[in-house]
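Let's take a friendly walk through a protein chain. Have a look at the sequence and the structure, then read on.

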Amino acid sequence: MPFSKLNLSNKLQMLLKKNNYHQPTAIQERVIPLVLEQKDIMAQAQTGSGKTASFVLPILEMLNQNPTEGKRKIKVLILTPTRELTLQVAQSFRLFGEALASKPKVVSVIGGEGIGEQIYAIQKGCDVMVATSGRFLDVLSKKQMTLKHLEFLVLDEADKMLNLGFSEELDAILEAIPRKRQNLLFSATYPEKMLEIANKITQEVIRVSVKEDEPIVIRIEQRVIEVNPENRGSLLRYLLKKEKWKRVLVFMANRRATDNIAQKFRKRGYIAESFHGDLSQDDRNYTIEEFKKRKIQILFSTDIISRGLHIEGIDCVINFDLPRSPADYIHRIGRTARAGESGVAISFIGHEEKGHFKLIEKRSQIKLKHEQIKGYELTGEAPKRVKGSAPIKGKKKSKKDKLREAKAKEEARNSGR
Ligand code: AMP
C-alpha cells in the first residue's frame, strides 16, 4: 500500500518521499488510519518497526486540519522512557512538521538540562511536548504551563517505563490533563502491569499488533561465538580487522567496563567511546551525534542505549556481555538492520554464559549454531553444577542479580529524569 492511500496531505506525502519513506511499514499501515479516525490505540510494536512515524504523521495531519489561532497551546504530550528517545521523537515531529502550513512548535522536556530554559520555551508557545515523566512532573510542579487544551496523550515504549516506578507518576500526570483526549500507547510487550496502566488511561481501546511481521529481526544475521572471557577484547579486534566494519555498537554489562574497554581500544588507535548513564546529558548528546556522523567507529555502551535509538548504518552489534533478559537481547540487536537495511549481531559466550544464552534462544525462538574462531577457541571445561548450587543466570535470580537489577533500575531512573 502506498502512503497516498493513508489520507495524509500532499505536502506530508512529498516530505515523506524526500526522506526515503516510500511505503508505510506494517504498523504505519494499521495505526495511521485509526489515529485519523480519532480512536484510542494500544499498539504492540517492536522498536525499528516504524512506530514513531505511525503516531507522528497522523497527529501532524490532525494539527494541520485544526491549526491553533494566536498563541500556541500544548495539544500533544508524548511521554518516553529516556532522554535520547525524547529528543528523537521531538526530532521526528520537527522533521515532518515542516510540511505543515503552520509549523508546530516542539519542546523537549528532559532531565540533565536547565529546567528554566525548558519552561521559557513552553511559555513562548508549544504545540507538541515530548517529555520524560520525571522532568515533566518537575515542570508541572512549577505551575507555569496550562494543559487544558491537550488533545493527544502518547506513551512511547511504555513497557520500558514500567521499570521506572511509572505508575505513581502517571496518576499525577492524568490528574493534570483533560479527561477527554485521544490516547495512543506503544509498547513492545504487554505484561499484566502494562495492561493495568492501559486501563488507567483509556477504556475504549483498539489493539493493534503486527508482531507476525517481525521484519527487523529476520534481516539480522545472528551469530554466537564461544570464547574465553579474557580473550573477548582480542577477538573483537580480530573481527574488526577481518570484517572491516565501519560502525559497531558493543554492549557491556556495566558503566565501568564501557569506560575501561573504550580507553584500551583508544590506546590501540581505534576511535572508540563509551556511553552510559553517568555521562552528562551534553556528553550523551555529543557522543550520539558523533556516532551518527560516523566520527566514532566503536561505541561501547550499557543497555541504556538499547531501546528506540535510530542510528542508521550500524554494521554490527556485539554482545560483549550478554543482556540480562531475552527482551533486551531483541532490543539490543534491533540497533542494527534499521528500516530496510541488513545487519549482523554477534554474542560472545563462555562456559558460564551457555545456560543463559540457551534461555535467550528459547524465549526469542531462535537456535543458533555456536561458532569458534581459530586462535580464540573456548578452552577448559564447563563448570560442573552440583545439585543445590546456584542456578544458571536468568533462571532464578540470585542475591547478586537482585542487587544488580536494583542498581540498573536506579541508573534507568536517573537517566529518565
Ligand atoms: P522506529 O521504529 O520508529 O524507531 O523507526 C525505525 C527507523 O525506520 C527510523 O530510522 C525511521 O526513520 C525509519 N522509518 C520509519 N518508517 C519508515 C518508512 N515507512 N520508510 C522508510 N523508513 C522508515
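## The whole chain

The chain holds 16 helices and 14 strands; helices (H or I, at least four residues) and strands (E, at least two) are DSSP runs, numbered from the N terminus. This is a predicted model, in which local features need pLDDT of at least 70 and side-chain atom pairs count only at pLDDT 80 or more, while totals for chains, interfaces and linings use all residues. Residues are numbered from 1 along each chain as its sequence is written, and side-chain values use heavy atoms, leaving out hydrogens and water.

Of the 417 residues in the chain, 53% are buried (under 20% relative accessible area, with a 1.4 Å probe and protein chains only).

## Two helices side by side

Now find helix 8 (residues 166-176) and helix 9 (residues 192-201), whose axes come within 11 Å and cross at roughly 5 degrees. The axes are lines fitted to C-alpha atoms over the stretch in contact, and angles run from 0 to 180 degrees between N-to-C directions. That makes helix 8 roughly parallel to helix 9 (angles under 35 degrees).

Helix 8 brings Phe 166, Ser 167, Leu 170, Asp 171 and Leu 174 to the contact, and helix 9 brings Ile 197, Lys 200 and Ile 201 (contact means heavy atoms within 4.5 Å).

## A look at Thr 80

Is Thr 80 buried or exposed? Thr 80, in strand 2 (residues 76-80), is buried, with a relative accessible area of 2%. Its side chain has a polar contact of 2.7 Å with the side chain of Thr 86 (a polar contact is a pair of N or O atoms within 3.5 Å; within protein, one must be able to donate a hydrogen and the other to accept it, and residues adjacent in sequence count only if both atoms are side-chain atoms).

Technical notes. Buried < 20%, exposed > 50% of the residue type's maximum accessible area, 1.4 Å probe, protein only. Parallel < 35°, antiparallel > 145°, perpendicular 65-115°, else oblique.
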